[in-house]
Amino acid sequence: MEGTNARAEGEVVELLQQLIRNACVNDGRVDSGHEERSVSTLTDYLEGSGLQLERFESAPGRQSLVARIEGMRRDAPTLLLMGHTDVVPVHEEGWREDPFGGELIDGEVWGRGAVDMLNLTASMAVALKQLVREGFRPDGTLVFLAVADEEAHGTYGAGHLVAHDYDAVRADYVITESGGIPIPSPAGLKLPVIVGEKGLYWCRLRISGTPGHGSQPYRTDNALVKAAQVVQRLHDFRPETRIHDVWRRFIESMGYPEEITEPLLSADGFESLCESLPVGMARQFHACTHLTIAPTVVQGGDKINTIPHTVELDVDVRTLPGQTIEEARAALVEALGELASSVEIITLQAIESTSSPIDTPLWDSLSRVTQQWYPGSQTVPYLTVGSTDAKYFRGKGVTSYGFGLFSRKMTFEDYGAMFHGDNERVDVESLSLSTALWAQVARDLLG
């Protein structure tokens, strides 16, 4: 077994390095991503192992790969391990190492995608091949999906597959990113499982004014000045704190002292406590319990000597479980106040929050299996404030969780800072843990 583990560790490191070097950068345009490069890498790795492999292409270069071990019983469950192959852009000046070098330095693999989520994609593929080598013949079916376009909400990846080729990815249970960061607590070690995610409402605010000459700004209706007021209104707006079930279960499981637990479960004392928390934790906790509004992109003006008559402001709104898109729009109108009459709200993309139950065989399996590496730990439900491809499967009624398994070297703060940030990297121990996890969950759940 030791030799098997060493082989798997070497393979997952090498595979992750190659996926990073493929630089499948997704900037949201249909001609970005080029995930066919990583599909080719994964196909080369998995071919010849006896796995059933199938490629799907939704647009030129936007490829996804499905590999499967067919189960022996038709009435047994199907587990889908889903990892995406695209990554977000980088600002190279902020990196200590080449973001697409995939270098192994002091026991860590560096590069864009190392934690989001090429690490898990690579470990899923290696675990799949390892199971085939063992002669794994489960009752249920195991499917591996290396999917395109997750970083632009899956239009050319999971969303396309679920809409057009659902039989190829049909499953009873799905595991994708991310979860599994060990969190020490007064009540012992906790392993968060992502059981739900916030919804999103992406919109463009078109702010109107009256054009004029830049040399005569007095008493003009300058759309850019008005846009500045709009940005300030959005920044200052304070939506109410909402203590939903997933958040309550998470906090109640942590064993924090009463002076921390009580305000974290109270609409009154929540924001005051957040002021005293480390910034990474405060941002996460606040986003988990509030509708959030973030102005992110502004465009306007024609030339330097002309008062602009229109400015467009892109805004990222995230909603909590139970909140609707209509509530998101209403919050924007409330934030704008009397300025709302000068602002047109244009919907760009709208997806409501999704969640899965925790009283499931998959939850029980994760709780059992993780004891092998973290004895006495407890899996706890958590809400991700971003968006993942799990939403498409939850939309079909499929239990979908975000999970992996990380070493104690990876703290919650570290993980949050590197996610879409500079100097992204993952330690080899975490890669080994996730590889072993996938294989063991497949044995435990599928028989």
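## Second largest pocket

By class, the second largest pocket is lined by six nonpolar, six polar and three charged residues (Ala, Val, Leu, Ile, Met, Phe, Trp, Tyr, Cys and Pro count as nonpolar, Asp, Glu, Lys and Arg as charged, and the others, Gly among them, as polar). This is a predicted model, in which local features need pLDDT of at least 70 and side-chain atom pairs count only at pLDDT 80 or more, while totals for chains, interfaces and linings use all residues. Residues are numbered from 1 along each chain as its sequence is written, and side-chain values use heavy atoms, with hydrogens and water left out.

The lining of this pocket comprises 15 residues, and Asn-5, Gln-130, Trp-373, Ser-432 and Ala-436 lie nearest the centre. A pocket is an open set of points on a 1 Å grid over the protein atoms alone, where a 1.4 Å probe fits, with protein on both sides within 12 Å along at least five of seven lines; lining residues have an atom within 4 Å of a point. The volume of the second largest pocket is about 260 Å³, taken as the space filled by probe spheres set on the points, with grid points joined across faces, edges and corners. Helices H1 (2–21) and H15 (428–446) each supply at least two lining residues; H15 gives the most, with eight. Helices (H or I, at least four residues) and strands (E, at least two) are DSSP runs, numbered from the N terminus.

## Backbone geometry

Most residues other than glycine have a negative phi, and most peptide bonds are trans. Two cis bonds are listed here. One runs from Asp-116 to Met-117, with omega near -25°; Met-117 lies in the loop between strand E5 (108–110) and helix H3 (118–134). The other joins Glu-177 to Ser-178, with omega near -5°, and Ser-178 is in the loop between strands E7 (173–176) and E8 (190–197).

Positive phi values occur at Ala-23, near 50°, and at His-420, near 65°. Ala-23 is placed in the loop between H1 and helix H2 (36–46) and is partly exposed, at 23% relative accessible area. Buried means under 20% relative accessible area, exposed over 50%, and partly exposed in between (1.4 Å probe, protein chains only). His-420, in the loop between helix H14 (412–418) and strand E18 (425–427), is partly exposed at 42%.

## Salt bridges

The whole structure contains 26 salt bridges, each a side-chain nitrogen of Lys or Arg within 4 Å of a carboxyl oxygen of Asp or Glu. Side chains of opposite charge can pair when their charged atoms come close. Glu-424 is buried, with 1% relative accessible area, and Arg-112 is buried with 3%.

Arg-242 and Glu-327 meet at 3.0 Å, N to O. They also lie in distant parts of the chain, 85 residues apart, with Arg-242 in the loop between helices H6 (223–236) and H7 (245–254) and Glu-327 in helix H11 (residues 325–336). Arg-242 is partly exposed at 27%, as is Glu-327 at 28%. The salt bridge between Arg-73 and Asp-75 spans 2.9 Å, N to O; Arg-73 is partly exposed at 42% and Asp-75 is exposed at 62%. Arg-7, Glu-11 and Arg-133 form a network of salt bridges.
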